[in-house]
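Subject: Structure for your review

Hello,

Here is the structure I said I would pass on.

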Amino acid sequence: AQESSQGTDSCFDGVAATVSAGKMFGEGTPYGDPNWYSESYYSPYYTQSHKDWRKRCRDFVETHILPNVSEWEVNKKIPKDAYIKCYEAGLLPCVVGAASGAYDLVPCSAPQDFDYFHEMIFIDELARCASGGVLWGLIEGLQIGLPPVLNFGSPDMIKRVAPACLMGEKIICLNITEPSAGSDVANIKTTAKREGDFYLVNGNKKWITNGIFADYFTVAVRTGGAGMRGISMLLLERDSMPGISTKRMDCQGVWPSGTTYVEFDNVKVPASNLIGEENKGFGVIMKNFNHERWGFVIQANRFSRVLLEESWKYTGKRSTFGKKLEEHPVIRWKLAEMARQVEATHHWLENLTLQLCRMPKDQAMTALGGPIALAKAHSSKVFEYCAREARQIFGGNAYTRSGLGEKVERLYRDVGAYAIPGGSEEILLDLSVRQALKSKL
């Protein structure tokens, strides 16, 4: 969306004229989709390219994702061909960022005027599956694991690793969190000792998304002294580097994502697999966080919207005390409380997405760190609220893993995976205030 200079009748070139009042993309459940899905609403953000992309995303999700979610949840994995199909639909490369150059590395065309709104639309549409595990299994490893390579890897590393990951042929994962270091990234203990033209890597990582399936591991290691200035990033490769072992972790939610305990035992890594510069890996990690947390906001808020949509539909079917649920004031209050929070979060998300599109990258790194952290914490709190309210509306149906309340039950378990990873709510709320104090915004 570009600013318009054609007079006062139009704020942005991206504003589409009303085609026919009430025409909707989607089912039309109140608040079941963002309001720009209705042609009655004007938006300054979306062009015809975004609308065409939205349809492509929805068609893919309806055909290849929604019919398989329950099976993938039970099997706790996503079949390999799902990644390939996602690439063949032209969607998979978008998740590593509009400024990443990903589409230039594969024989696949980006959407016209590709920007962060295209990426947001895909993640938002994919999240209609109501499974954090499916999202994380299909895109999260790529979204957080490949950008360090794209942004800081050598040309040879990018050429060797990125295309296969973007095409769904290989899986990559990010390895930062350890048993004793989560949000406290500067205190990681995994070591990489230089020996000639190699590093010897020893240590372990925990709660690693996609680790059990991964071919590549982007790993935070300690190459220097204590604290952030002793951290480097290395690319480890399962097939050619003995000493990497992975074990699936049984977690409360996000089952198909392959949450993993990873051990490195004297893994011999070529020095050429250093990502960026030695002892400057903390900057590599920090550059990743804004994009990762922004993606979490998209996912969490669509999950909240799904919970609202499912609740809205259910209240029109279920009767108690001789009335439909929707006829009880207390139920309407619950729907309204969910709707106001979901809508507010989405408007905030669109504003942040516009900043990602417009701000210079270096400026966005610092200016948006606090606001995105705040939005991430807010979105998981809204998600938790909507999960509880939806469960109360569904009653016993939300306590079973199949049937009418399947999505509600599953999402209720997935809440913790959004409130803790990527920076816990407490850490991010504090970060947002500290950054605001520094910038005096």
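The model is predicted, so local features need pLDDT of at least 70 and side-chain atom pairs count only at pLDDT 80 or more, while totals for chains, interfaces and linings use all residues. Residues are numbered from 1 along each chain as its sequence is written, and side-chain values use heavy atoms, with hydrogens and water left out.

Helix pairs

Helices (H or I, at least four residues) and strands (E, at least two) are DSSP runs, numbered from the N terminus. Axes are lines fitted to C-alpha atoms, for helices over the stretch in contact, and angles run from 0 to 180 degrees between N-to-C directions.

Helix α1 (residues 48-65) and helix α4 (residues 116-126) have axes that come within 9 Å and cross at roughly 25°. That makes α1 roughly parallel to α4; angles under 35 degrees count as roughly parallel, over 145 as roughly antiparallel, 65 to 115 as roughly perpendicular and the rest as oblique. The crossing in which α1 passes α4 is right-handed. A crossing is right-handed if the near helix is turned clockwise from the far one by less than a right angle, and left-handed if anticlockwise. On the α1 side the contact (heavy atoms within 4.5 Å) is made by Ser49, His50, Trp53, Arg54, Cys57, Arg58, Val61 and Ile65. On the α4 side it is made by Phe117, His118, Ile121, Phe122, Glu125 and Leu126. By class, the contact of α1 with α4 has eight nonpolar, three polar and three charged residues. Here Ala, Val, Leu, Ile, Met, Phe, Trp, Tyr, Cys and Pro count as nonpolar, Asp, Glu, Lys and Arg as charged, and the others, Gly among them, as polar.

For α8 and α11, the axes come within 8 Å and cross at roughly 20°, which makes α8 roughly parallel to α11. The crossing of α8 and α11 is left-handed. The contact of α8 with α11 divides into 16 nonpolar, eight polar and three charged residues.

Helix α11 (residues 369-394) also pairs with helix α14 (residues 425-439): their axes come within 8 Å and cross at roughly 150°. The crossing of α11 and α14 is left-handed. Among the residues that make the contact are Gly369, Gly370 and Ala373 of α11 and Leu428, Leu429 and Leu431 of α14. Six nonpolar, five polar and three charged residues make up the contact of α11 with α14.

Nonpolar core

A nonpolar core is a set of buried Ala, Val, Leu, Ile, Met, Phe, Trp, Tyr and Cys residues joined through side-chain atoms within 4.5 Å. Buried means under 20% relative accessible area, exposed over 50%, partly exposed in between (1.4 Å probe, protein chains only). The largest such core has 130 residues, and those with the most contacts inside it are Ile65, Phe122, Leu146 and Leu236. Helix α8 (residues 281-315) gives the most to this core, with 14 residues. Not counting residues up to four places away in sequence, Ile65 touches Phe60, Trp72, Leu126, Cys129, Val134 and Leu138.

Single residues

Arg58 lies in helix α1 and is buried, at 8% relative accessibility. Leaving aside neighbours within four places in sequence, the contacts of Arg58 are Phe25, Gly26, Asp33, Tyr37, Glu125, Arg128 and Arg302.

Cys173 is in strand β1 (residues 172-175), buried at 0% relative accessibility. Beyond four places in sequence, the contacts of Cys173 include Gly141, Gly145, Asn210 and Phe217.

Most residues other than glycine have a negative phi. Asn210 has a positive phi, near 75°. Asn210 sits in the loop between β3 (198-208) and β4 (216-222) and is buried, with a relative accessible area of 2%. Val254 also has a positive phi, of about 40°. Val254 is in the loop between β6 (244-248) and β7 (260-270) and is buried at 5%.

Pro371 is found in helix α11 and is partly exposed, at 26% relative accessibility. Leaving aside neighbours within four places in sequence, Pro371 is in contact with Trp348 and Leu352.

Regards
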